[in-house]
Amino acid sequence: MYHTEQPRRSTHIELPKSPTGIQGLDEVTLGGLPRGRPTLVVGRAGSGKTLLGMEFLVHGALEFGEPGVFVSFEETPEDLVQNVASLGYDLNDLRERNLLSIDHVEVSRSDVIETGEFDLEALFIRLGYAIDSIGAKRIVLDTIESLFSGLMNTGILRAELRRLFFWLKDKGVTAVVTGESGEATMTRHGLEEYISDCVILLDHRVDDQVSTRRLRVVKYRGSVHGTNEYPFLIDETGISVLPITSTGLTHTVTSERISSGVERLDAMLEGEGFYRGSTIMVAGTPGTGKSSFGASFVNAACLRGEKCLYFSFEESPDQIVRNMQSIGIDLVPHIESGLLEINSSRPTMYGLEMHLLMLLKQIQEKQPRVVVIDPLSDLIAIGTTKDVKVMLTRLIDYLKTSRITTLFTHLIHTREKMAPSDLAVSSLIDTLIQLQDIESAGERNRGLYVLKSRGMGHSNQIREYRITDDGIELTDVYAGPAGMFMGTARLVQEARERAEAEARREEIASRQRELEQERSAVEARIAALQSVFASQEEDVRRMIEAESRQQKIIDADTRAIGKLRKADASDDDKKVQATIGEAEEER
Amino acid sequence: MTDTEKTAGEENGEEWILRLYVAGQTPKSLAAFANLKRICEEHMAGRYKIEVIDLLEHPQLAKGDQIFAVPTLVRKLPPPLRKIIGDLSNTEKVLVGLDVRPRS
């Protein structure tokens with residue numbers, strides 16, 4: 001029953017929307033700004049209002065086939081062209097192709113005097129002319145509040161603004177109207193009174209000397225929208241809003257396994273390694289070789305031909321490459337072939353959100369299969385526990401949905417217990433490998449165990465590992481009747497056992513030798529007896545021969561005597577002769 | 001009219017070129033034109049020229065003189081450029097705005 005039921009579809013008609021083409025904003029607004037209606041974008045100076053408006057027009061013109069008009073009340077067209085040229089937008093080209101029209105409305109009180117009744121019909125005509133001349137579908141008014149500084153009669157102005165927004169709706173253009181944040185009201189001059197379809201708030205805050213830009217959709221009439229504050233970034237490609245609206249736990253999983261890059265570690269994980277798309281954390285105290293595990297993992301992935309991104313917050317790419325070469329992991333060919341990209345930045349450079357935003361941006365652009373973040377603890381250090389968990393949840397959700405296998409390294413400061421923040425994070429992790437210093441007998445050894453690994457049987461053994469010239473090597477820990485030993489103590493214990501075994505072997509060997517000697521003594525005696533026996537036998541044989549020879553002589557003598565006596569041979573004699581004849585024939 | 005009240009324009013005998021921007025034949029634009037005509041006749045008779053531009057007919061001209069409200073009166077000559085927004089109902093303000101009277 002459960003499976004046959006279709007997800008319930010909303011029957012009401014969706015509000016038509018104009019996509020902004022700004023990364024992430026369309027996801028937060030579920031499709032873009034309300035088509036054919038004005039949207040108010042509020043923010044302080046330098047919060048990115050103008051850029052947002054300009055991107056709305058440029059993307060509209062280039063990607064959605066909707067030409068746009070930019071009405072600037074502050075900057076001249078030349079300044080605007082220059083300002084966005086650094087983002088790779090050639091406004092002059094767009095203007096020539098009739099995709100964009102820039103109108104600069106100069107409002108200055110100094111050379112203007114007001115007397116009597118007036119209206120803003122001229123502005124309407126200008127806008128109408130600009131819109132009609134290129135068939136614009138989008139318009140940006142940046143920022144119309146400048147009129148308040150140019151005109152004294154605010155009564156007329158307010159009435160005219162109200163008329164303006166109605167007129168824009170009539171025209172069917174999607175408008176972005178920017179406004180400065182005010183003290184008591186949302187905008188300095190209360191523009192929110194006139195524009196109530198969609199209001200977007202841009203914020204630029206500095207906490208602990210780290211600035212973060214945030215965006216919030218305050219209201220969006222007739223549409224659901226993400227209500228959170230979303231961090232956004234202005235960089236060389238323009239605005240991008242942290243796109244993940246926590247996707248929830250709906251990702252599908254695979255049972256495909258991939259190697260950790262350390263053979264015996266795979267063996268500890270059912271002999272097959274990690275699940276693809278899972279989240280792995282290698283946690284350990286300083287100097288336990290967390291980065292080496294990260295590099296091994298990346299190396300293995302690159303050898304499989306998968307694209308990898310390695311984010312480092314402590315070392316520069318060169319340093320990582322050099323250090324990993326010293327343990328026999330050569331990352332240079334992977335970097336040259338483009339499979340591996342190492343990104344290094346200082347954690348204190350931006351706020352937590354910005355870091356995560358940049359991670360996401362990179363991940364979206366490069367589409368890697370494997371991501372290493374080294375170390376996560378540096379990111380945690382710049383945010384509060386709650387923030388971190390929220391942001392990480394979003395990041396991990398995103399990574400899992402995209403089936404990217406992620407390895408975080410994590411620095412633990414205390415040897416005894418994990419800090420609360422570590423615990424908060426660890427609940428998001430599928431496979432947690434703990435690296436630990438184990439001090440005994442005056443030396444420090446490294447031990448590893450799999451703290452948890454969801455969805456697979458895993459070894460409960462502590463393994464000792466060594467970082468050698470050929471990478472990471474796991475060895476068995478000595479666990480015997482005398483206790484558990486690692487490092488030299490293990491070697492000593494093993495040597496002792498070897499010595500004991502040797503001694504036992506020696507004893508057996510000597511026993512064997514003794515037995516051997518015994519055997520040869522016995523054999524010698526047997527030989528001697530045999531020779532005695534043989535000689536006796538020989539004697540007997542000789543005696544028989546001698547006897548038979550004598551008998552022959554005697555017989556011959558007897559025959560000779562018989563001849564002489566001419567006697568007949570008796571029967572007895574014949575028998576004797578036949579027997580002798582037979583015996584002689586046998587010889 | 002005393003000597004002190006005489007304007008620079010009247011003294012120099014300069015030519016005035018005034019441009020009135022309107023949007024259609026609205027009561028406001030008609031009032032503005034009537035007021036302007038009266039003021040000019042009173043203060044610069046014979047030395048002025050008024051161009052009326054209807055933006056409904058020539059919308060592209062609004063950009064040039066940075067017009068966003070109507071009616072707007074622009075003093076093209078003598079320089080510098082001056083702008084007066086409104087139906088010109090306050091004669092004193094118009095005279096000050098046109099530099100016919102010194103600004104107080």
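Tutor: Begin with burial: a residue is buried if 20 or more other C-beta atoms lie within 10 Å of its own, exposed if 12 or fewer, and partly exposed in between, with C-beta atoms placed from the backbone. This is a predicted model, where local features need pLDDT of at least 70, side-chain atom pairs count only at pLDDT 80 or more, and totals for chains, interfaces and linings use all residues. Residues are numbered from 1 along each chain as its sequence is written, while chains are lettered from A and ligands numbered from 1 in the order in which they are written.

Student: Which residues are buried in α5(A)?

Tutor: Helices (H or I, at least four residues) and strands (E, at least two) are DSSP runs, numbered from the N terminus. In α5(A), the buried residues are A:Glu121, A:Ala122, A:Leu123, A:Phe124, A:Ile125, A:Arg126, A:Leu127, A:Ala130 and A:Ile131. Across chain A, 38% of the 587 residues are buried.

Student: How many residues does helix α5 of chain A have?

Tutor: The expected span of a helix is 1.5 Å times one less than its number of residues. Helix α5 of chain A (residues 121–134) has 14 residues and reaches 20 Å from first to last C-alpha, close to the 20 Å expected. A:Gly135 follows α5(A), with a positive phi near 65 degrees.

Student: Which strand does β1 of chain B join?

Tutor: Two strands pair if DSSP finds at least two bridges between them. Strand β1(B) (residues 16–22) runs antiparallel to β3(B) (residues 72–77), joined by five bridges; B:Leu20 has B:Leu73 as its bridge partner.

Student: What joins β3(B) to β4(B)?

Tutor: A hairpin does, through four residues. Four bridges also join these antiparallel strands, and B:Val74 stands opposite B:Lys83.
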